[in-house]
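Keep the viewer open and follow each stop as it comes up.

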Amino acid sequence: MEEAAREVVRSYEKARPRASGAASEERYRERWRWDKVVWGTHCVDCYPGNCPMRVYVRDGKVVREEQAGNFPRIEVGVPDMNPLGCQKGACWGQHLDAPDRVLYPLRRVGERGEGRWERVSWREAMDAIADSMLDAIEESGPESIVQLMGPEANPWNIVGLARLITRVGGLNTDVNAEINDFSPGIYLTFGKFNLCSSLDDAFHSELILIFGANPVYTVIASYHYQVEARYNGGETVIFAPDCSPSTMLVDRHLPVRPGTDAAWALAMCKVIIDEGLVNEPFVKEQTDLPFLVRTDTHRYLRACDLEAGGSEEQFYVYDERRGCVAEAARSTLATGDVDPALRGEYEVTLADGSRVTVTPVFELVREHLEQYAPERAAEICGVHPDEIRKLARKVAAKRTHVWAGGTSLKYYHGDLMVRSIILLLGLTGNWGKKGTGIGCWSIGMFDGMMLLGQKQEKGPAETRRFLAGRDAVIAAIRAEDPTRTEEMCRIEMTRRMAGLAGMIPPAFLWYRHAGYREIWNRADWSDPTMTRPFDDYMREAIDKGWWQDVAWPPEDMPPRVIFQAGGNTLRRTRGGQNVLLRKLWPNARTVVTIDWRMSTTALQSDFVLPAANHYESPRFHIPSPHMLTLIYSDRATEPAGESKSEWEMTLLLAKALERRASERGIGEYQSRRGSAHSLKDLYRQTTLGGELVSEEDVCEEMLQDTVLAGTIPEGTDLAAMREQGYLRFIDWGISPFAINQASDLEPDETHAHSRWHTEKQLPYPTLTRRAQFYIDHEWFLEAGEALPTHKENPKMGGDHPFVMTSGHNRWSVHSMNTTNPLLLRTHRGRPHAVIHTGDAANKGIRDGDEVRVFNDMGEFFVPAKVTPNARPGQVIVYNGWEPYMFRGWRGPMDIEPGLVKHLHLAGGYGHLHYWVLQWQPTPVDRAVRIDIERANGAV
């Protein structure tokens, strides 16, 4: 392909006439000449990412990149995904020699954050880091070595450093809590948060509801499907407190008060029930709404209530056909000849002979919704009752898709908002068919990356051995309960492995060692329905064993060695420097940042190791069901300076650990969790006997194993990927995250999740085996959240008059792009706070003035952008800016308390248990309370 392109250029140059001005023309032509072109992409979590690029190289330097636009149409009549890309990808090459690029290993001299460094060799850096790790192992235990995972979707960190830390007995934090991209509302309802339809499936939608999102900013590459759905006759409605580019490109913008989306959704549910618009066959089959609840205890009616020794997981409906209570099937959603009642009250006799009244969940929902008449909801959320009624009727009549943006995950009561909207979809039968449903994000299908960490030797024989063992475990889990589906068995296997893999939900680290315990116990900042201090809920969750094996590290083991690779903890974490630098950082003896640039976290580290940029080493993007493609990025240029890929660094560190352990006489040791570890032959173990040394070696192995897992075609190898740049997956493979999509994967159709549930009646992986709207866990009952409801956002940060909202900005989904020189010229070139015109006038603030933004957590200074587009009482500060771009090197993240919701510690209940990326407490940051004033000295 490259040679053919060059031949075309040579032929043209021979044929073109020489005319006056040829020198000028030649200079222009020279600007666009290249030596080679390779496939590239940007392995960052600008979800879903995976944009294939053509990267042009001349004289060993990247001279430009452009969108490949090479995807075929998948389904007849549906637009293709092209061109896929954004302005950040189109100027990524600017990073390769940017002023903030780190080119050599650096060691701190002086105090952390002082900005004084010395250049050291790779040998010096790795020996010093290895010695620090060995000190931690000897003095505290290997669990005091922690990697704080980040959003950079880079396989070299996953199969390299993360695996090495696990091998030595250390811990890796769960990235989904670190970056707060977990949707507890979806998980509570479906037993999995990571539902994804393919991007092109939105074209089938007749009605798209957008909330908690500004997709024109955040999904630039794929937003065109929302516009194209309108060309196809669809309608788009956005709920947002402010006017943004996204509100300009919809049919209706319904302004909503921040944090009140549950109110309009529940009011629509009431309209649908009151007007007889419920899709009753769907509700009876797919949801728990027919299930009977005891009116005395408010708990589901269970078999253990009716007979001694009965199951706690057998539930009941009232069969209107026979006039009696009937068991709800657990192995299928099909109701058979049972006609479950949705209304009424009934009496049943308990095992002790007493009689109690029971009623369907639907009846409880109907009564609960009496407080959400459209007029009352309008008072809460600001959406006019007429709009609520009209839209409710449309949802009932049309294929409706909900685009729940990242903001829906980051409100304190975001779970209630999402549960309320899913209830709206459930009442109207709007999931499990094309153009419908709600989703979040997911991984899966590239099984070779996961398999690599399970292998002891290179080659297909070892892969087949592992797969056979895995199949045996799945069979054993199914034998324990034959009603389990394949999806349930995979989830259960992953759950049981959680404590063995060294990945932990970071809430316990934050609570015990990072300074958040005091913040989370602030009753005046938390949900007023909490009847006890946060400490009590944490203690109960630990004492009852709900987080057994993953509640690490313990109180007496603060992290001694901290790694940050593929992230920017001090910028990204809520509370930021105001919290982490006070407790977590002082207790750490060594902080290591691996990055290709000098980030805020790097500035506070002891070692900064220069990482190869995305065009400087071969790698794959992390695939998603949204795209269903595996994207390859090749090495376009050599790494700048002494930069190395994370895989190369992993091998250097493995050698250093092995060598220094031998020199110090450190043999086998035990972790606090009881596992045995040895650093002897660590390098050979990491490289599978010395067979996988280069990145190309690892790429070939991962591709070969992915073929064996059945998700990519036979014969796929690195040469094929270098030729075509991407391929489409042909099956889901062995991952629980992929099979969570619960639909057949067809080569010529868009993908809509959950069709196995609606078309094949396969149960959901929840306690009730249905889409579950009633959570009768004792904590949820206590908090009044057994059913979806509206609650006001707590006064996080103190009792102040404004709320600060945020979201990804247009110029940098993450902080890595905010210093790009070209992108800085496309906007004001610095952070800003968007303030409503009236609020600014009341505070004496003019456009461009520096503003002091403050609350009980702290303060930061930022220029004002005064506009009528913001809602009165709302201040918008987009995230992604580096703190060092603000005066005083503090930004909005530093005054966000980072509260977690206590209910997300609940366990011991059906599907409420941790497994990787799933059920766990995550910090929130939307609608933090603040005040503003014109800064001293502003003119």
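The report goes from the whole chain to its sheets, and then to a few individual residues.

## How to read the model

This is a predicted model, in which local features need pLDDT of at least 70 and side-chain atom pairs count only at pLDDT 80 or more, while totals for chains, interfaces and linings use all residues. Residues are numbered from 1 along each chain as its sequence is written, and side-chain values use heavy atoms, with hydrogens and water left out.

## The chain as a whole

The chain holds 35 helices and 32 strands. Its radius of gyration is 28 Å, close to the 30 Å that the globule rule gives for 939 residues, so the chain is as compact as a globular protein of that length. That radius is taken over C-alpha atoms, and the rule is 2.2 Å times the number of residues to the power 0.38. Helices (H or I, at least four residues) and strands (E, at least two) are DSSP runs, numbered from the N terminus. Along the principal axes, the C-alpha atoms fill a box of roughly 90 × 65 × 60 Å.

How much of the chain is buried? Of the 939 residues, 64% count as buried, where buried means under 20% relative accessible area, exposed over 50%, and partly exposed in between (1.4 Å probe, protein chains only). The chain exposes about 32,700 Å², and carbon and sulfur atoms supply 49% of that area. These areas come from the Shrake-Rupley method with a 1.4 Å probe; for residues, only the protein chains shown count as cover. Among contacts (heavy atoms within 4.5 Å) between residues at least 6 apart in sequence, 75% join residues at least 24 apart.

Two strands pair if DSSP finds at least two bridges between them.

Inside that order, strand 6 (residues 145-149) runs parallel to strand 19 (residues 561-565), and 5 bridges join them. You can find this pairing from Leu148, whose bridge partner in strand 19 is Gln564.

Strand 28 (residues 833-836) is covered on both faces. In a regular strand the side chains alternate between the two faces of the sheet. Here, Ala833 and Ile835 lie on one side and Val834 and His836 on the other, and all are buried.

Which strands pair with strand 28? Strand 30 (residues 858-867) runs parallel to strand 28, with 4 bridges between them, and His836 has Thr867 as its bridge partner there.

## Backbone details in the loops

Two cis peptide bonds are worth a visit. The bond from Tyr47 to Pro48 is cis, with omega near 0°, and Pro48 sits in the loop between strand 1 (36-40) and strand 2 (53-58). Trp552 and Pro553 are also joined by a cis peptide bond, with omega about -10°; Pro553 is in the loop between helix 22 (534-543) and strand 19.

Asn50 lies in the loop between strand 1 and strand 2. Its phi is near 60°, a positive value in a residue other than glycine, and Asn50 is buried at 0% relative accessible area. Ala742, in the loop between helix 31 (736-739) and helix 32 (755-759), has a positive phi near 50° and is buried, with a relative accessible area of 1%.

## Two buried loop residues

Trp915 lies in the loop between strand 31 and strand 32 (928-934) and is buried at 0% relative accessibility. Leaving aside neighbours within four places in sequence, Trp915 contacts several residues, including Tyr187, Ile491, Arg495, Phe737 and Asn740. The C-alpha atoms of Trp915 and Met497 are separated by 8.3 Å, although the two are 418 residues apart along the chain.

His800 is in the loop between helix 33 (778-783) and strand 27 (802-805). This residue is buried, with a relative accessible area of 14%. Not counting residues up to four places away in sequence, His800 touches Asn855, Asp856, Arg929, Ile930 and Asp931.
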